Structure formats: C-alpha cells, structure tokens
Amino acid sequence: MKHKKTRIILSIALSLTMLLGIVGMTNIIAVAATNKPTGGLKKSVVVEDEISEEEYNKVLADNGENQSEYFLYSKKGTSDYWKSFSQPFYTYNDKLTDNQKKLYDDLYSMLYPMIEGGADCQWERVNGYDPYLTPKVSYSNMSKSQVEEVCHLILYDTPEFYFLDTLINISTVSGKNSGTVRLEVFDDFATGSDRAAAAGKIKKKIEWYLNQVNPNDSAYDREKKIHDLMVINCSYDGYANYSQSCASVFLNSRGATVCAGYSEAFAMLCYASGIPAYSVTSDSHEWNQAKIDGYWYHVDVTWDDDDADRESEIAYDYFDISDKTLLRYDRVSHTLESFWDKIGRDSCPYDYGYAPAPVYPTVYKGIDYADVYDFEYYVNAYADVKKAYGSNANKALEHFVNVGIPEGRQGKSTFSVQSYRNEYADLRAAFGYNNLPAYYNHYLFNGVREGRHGTGCNTLQNPVHSFFNVDFSPVYDYYYYNGHYPDLANAFGGDDVALFSHYLTNGLYEGRQASANFNLWTYIYNYEDLRNAFGWDLAAYVLHYINYGQYEGRVAI
C-alpha cells in the first residue's frame, strides 16, 4: 500500500537524520511540514458579558419548559436523519462533570431543531461583535472555563450543526457561577427557511458520499473509502465560505474548505458508516481521531490531500497513525490543545496494523458476563447502543447488565435468551416466562457447566398441555393456538403457560379451536347423544373427547 511505502521512506529519512544530528532532523521535519496548509482553523472567540438575576431566572424557566431527557433529540421540525452523525463526547469517557454534561445536553436539545428550520436567530451587538446568535441556554455551578470546554465540544464534535460559526457568548450573573450561553450562527443560516434549504442540499451531498461506501466492508476499508473520496473531491481554500463547518465541504464548489471542514465532514461520514470519530485541534489546525477494531488512530485528511484528483495520487502519511508517529512527522501543527487531555481525549497508542487484539471488559460488580456478553457484538447488534456507547466499553457493559438483560437483548453470538428459554421447559417452569434475568444468571452459573445450549432453538420446546394430570393434547396444540390467533400471540408473546391458561379459562368457552384435530362445534353437532347429555356445557364436550371420544373413534374435525 502506498501509505506503508511512504512511511518506510520517511523512516529511512529520519534514521539518516539521526546520524546527522538533531539540527538536521529538525530541518527535515520542518521541510516536510512546510508545504502543508496551516492556519486555516479559525479559533473560537469567547465574548463575555453580564446578565441580571431576573434575566437568568427567566431563561432558566424557559429552558425548564423544554427540558429533554438524557440526550434525546427534539423533533420540532427536524427529522431523525440527523441523529446518525455524532454521539455525546462525554460518552467516550467520564471526565466531564454532571453539570457540564447537562449543559452539553441542553445545548444539543436547543440546537437540534435548528438543523432543518426552527426559530430565526437574532442579530445583536455584543462587546464590539455583531453576530447572529442562537437562543440562550442556562448553566449553573460551573466556572467559565468549564462552560467554554462544553462549547468547544459542541463546535468541534457535533458537526451536524453545520450552521454554527465560532463566537461563543457567555453571560454571567454577577458574583455567581451561573449564567447563559449563546453560539454564533453564520449569516447565511440565520433564518429557519435558510437552514431548511441548506439542510436539504447538505443531505443530498452526504448521501452522495455514503452511497459509495459499502456497509459490508470492514471498518478500515469504509474509513479508507471516505478518506479517499474526500481527498479527491475536496480542495483547500483559505477563503472558502463556511470554512469552519462541514457545510463548506457539502455546499461549496469542489468542496472548497480548510482543515475544520475536512475534519468535521470526515467525522460525520465515518460516524454514519459505523465508525466512531471526532475532531481534535491544535492552536492552528484541526484533524480527526477514528476508532478502528478497538483502537483510536489519528487521521488528517487535510494533510493527505495534495491536490489529488485520482486514487493513484492520494497520500496516506497521516492516515491511521499513533500519537508518537503524528508528532514525529509534525510537532508544530499537531500538538494538541491542552484542554483535550483535560476533558478526556482518547490516546492513539498504535499505528494501524501494529495494534494487539483489543480486550474489552466483561466483569461488572464482581460478576463475569463473558459467556453472555461481547462488546463488539453488542454494539454492532443494536444501533441505539452503538450511538450512545460505541466508544465506551465500560458504559456498554453497564447498559447490557442494567438494560439489555431485562429487555432480553442478545449480547453475544453464542447466547440468546429467547433460544435458551425456548429449549428448556424445566427453566420455564422454574422461572416463569418473562423473568429474563433469571435465564441469563442460570446460564452463567449453571447452564454452561451443565452443557446446555445457548443458541439454535427458534421454536419453543415441550410446551405445557396438562392441567391437574389431565392431558389436553388431543384438543390443544400450543403451536396451532398461538399461530391461529394473533391477538393471543400479541398478548402473551409466546408464553406457553399463559396461552394454555387462556384456553382453559377463556378460549374453550369462546369456542376457539386449539388443535387441527379437534373442533368443538363439529363434535357437538355430530353427536345428538352428547347434546342430550351435556347441553351447552362446552367443557364437558372437551373432557368427553379427551377421556372417551378419541378412543371411541368419534369424529371431531
């Protein structure tokens, strides 16, 4: 591959440099970085002012009326489509405070409806600046630096908010760690109608990219395809419109953009393709980290784009490399801003191809769930889990134990609780049908040791059909009864005990047919002697057939 050849050449060059001394090495690295675009990142501007306690309380009340639960997306005019392009940064780690997480969620809930419409933004002069600003969101019990950290994460790592520019307005209640936050919106996206029109165009371009990425390819191949598509179809232009947003890539001719646009568009396309990715920054540059096969890697699409217009010209010097390699290639533009480590940036310990097989946690509160849980299987099986916890193995395990198990989710290819319940009637008799945690626990602590099967049984085995030592199988067939009455299948979900109980207490008296071999009404109409004996005592006909009729050769169908 071309990028491996390039790395070998660079490695040889660096080795020769070491022989020449430190000065020589510095010169070579400087030359390598000289021809790369720098300075395109527009640093965010934090504008501070004060807000009265009365104004703050009003914003607090307004926000409270529209408070959403944990990172739920508002549906006020914006479709679900845009949920597919990021996850809350704090789910990658636990370094944000609870108050920071709340501000992150509140900002997201305020901004999401604006993607495809929402309220018009207001122009306002703030300390010498005259931006269009989003509505105010309140915060409390946070320092200004903590508020800034959250705002930076929203600007860098929720790229679906293509309409955001770089100014942050923090208004503080005098003498308190509380206040409000507003973010700048590009002039061209100031109104709801402007954003509705832009979102439609951006969506079409996103789909153009994604339609060329094969979802069945490996994560590495999907990531490489996105990298290559962007290198070929984007161009670096320091004067590009919306350059600090993915909108530049998706709206401008030839995808004209700078590092921020490259990075945020790459993160969007990767995440939509099932690859966790986010943007990181130095003082002058923005690029990505992406997670492949359990490990994070640096990707700098901007610096791999040397005006390539076909695949043979694409560079891979900055594709899936480690922290160490990144800084060895270039330290000036790729030294991370200090706040990234403070808020929990994931390290990139390996170059791609040199990482060991990942090891994910399976022990939670002293119990090892390895026999029923595998991180990669679980997050890839459930889109909601991948969205929320695809990059946080500890949180994914916690979700499986506390949510997945009660819901009956499958956490490993070799164990399905539905299959386990289907196969073993003794367990259904012991645990009932809906006590799903009991089945998981039995398999963990007994079933594995007993050699019981964890998968492969799609049909319930040995369903109950006896009551007080009376075998109802001549008139009752679980599969027939469950299959012929959708209302019962929906009501009982396949629970054989509940279904049989329904037949005995309701179905029989409603005249429902429960077996292909026995129709109650046929039996009644065929035999006058039985009608004279039992009248309309339906249960008596059923019991007669079980005890006598079938042996007498009487016809019931």
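Helices (H or I, at least four residues) and strands (E, at least two) are DSSP runs, numbered from the N terminus. The model shown is predicted, so that local features need pLDDT of at least 70 and side-chain atom pairs count only at pLDDT 80 or more, while totals for chains, interfaces and linings use all residues. Residues are numbered from 1 along each chain as its sequence is written, and side-chain values use heavy atoms, with hydrogens and water left out.

**View A. Arg 222 in helix α7.** Helix α7 spans residues 219-233 and contains Arg 222. This arginine is buried but has no salt bridge, and the nearest side chain of opposite charge, that of Asp 217, is 6.8 Å away. Buried denotes under 20% relative accessible area, exposed over 50%, and partly exposed in between (1.4 Å probe, protein chains only). A salt bridge requires a side-chain nitrogen of Lys or Arg within 4 Å of a carboxyl oxygen of Asp or Glu; Lys and Arg count as positive, Asp and Glu as negative, and His and the chain ends are not counted. Leaving aside residues up to four places away in sequence, Arg 222 touches several residues, among them Val 213, Pro 215, Ser 273 and Ile 275; contact means heavy atoms within 4.5 Å.

**View B. Asp 305 and its partner Tyr 262.** Asp 305 is situated in the loop between α10 (301-304) and β12 (319-321). Asp 305 is buried without a salt bridge, the nearest side chain of opposite charge being Arg 254, 7.7 Å away. The side chains of Asp 305 and Tyr 262 are joined by a polar contact of 2.5 Å. Such a contact is a pair of N or O atoms within 3.5 Å; within protein, one must be able to donate a hydrogen and the other to accept it, and residues adjacent in sequence count only if both atoms are side-chain atoms. With residues up to four places away in sequence not counted, Asp 305 also touches Met 230, Val 231, Cys 234 and Ser 235.

**View C. The nonpolar cores.** The largest nonpolar core has 93 residues, and those with the most contacts inside it include Trp 82, Tyr 162 and Phe 250. Its largest share, ten residues, is contributed by helix α9 (residues 259-272). A second, separate core of 28 residues includes Leu 499, Tyr 503, Leu 504 and Tyr 527. Here a core is a set of buried Ala, Val, Leu, Ile, Met, Phe, Trp, Tyr and Cys residues joined through side-chain atoms within 4.5 Å.

**View D. Aromatic pairs.** Rings of Phe, Tyr and Trp (its six-membered ring) pair if their centres lie within 6.5 Å; planes under 30 degrees apart count as stacked, over 60 as edge-to-face and the rest as tilted. This rule gives 57 aromatic pairs. Trp 303 and Tyr 318 form an edge-to-face pair, because their ring centres are 5.4 Å apart and their planes stand at 90 degrees. Trp 303 belongs to helix α10 and Tyr 318 to the loop between α10 and β12, 15 residues apart. Trp 303 is buried at 0% relative accessible area, and Tyr 318 is buried at 4%. Tyr 476 and Tyr 503 make a tilted pair, 5.3 Å centre to centre with 35 degrees between the planes.
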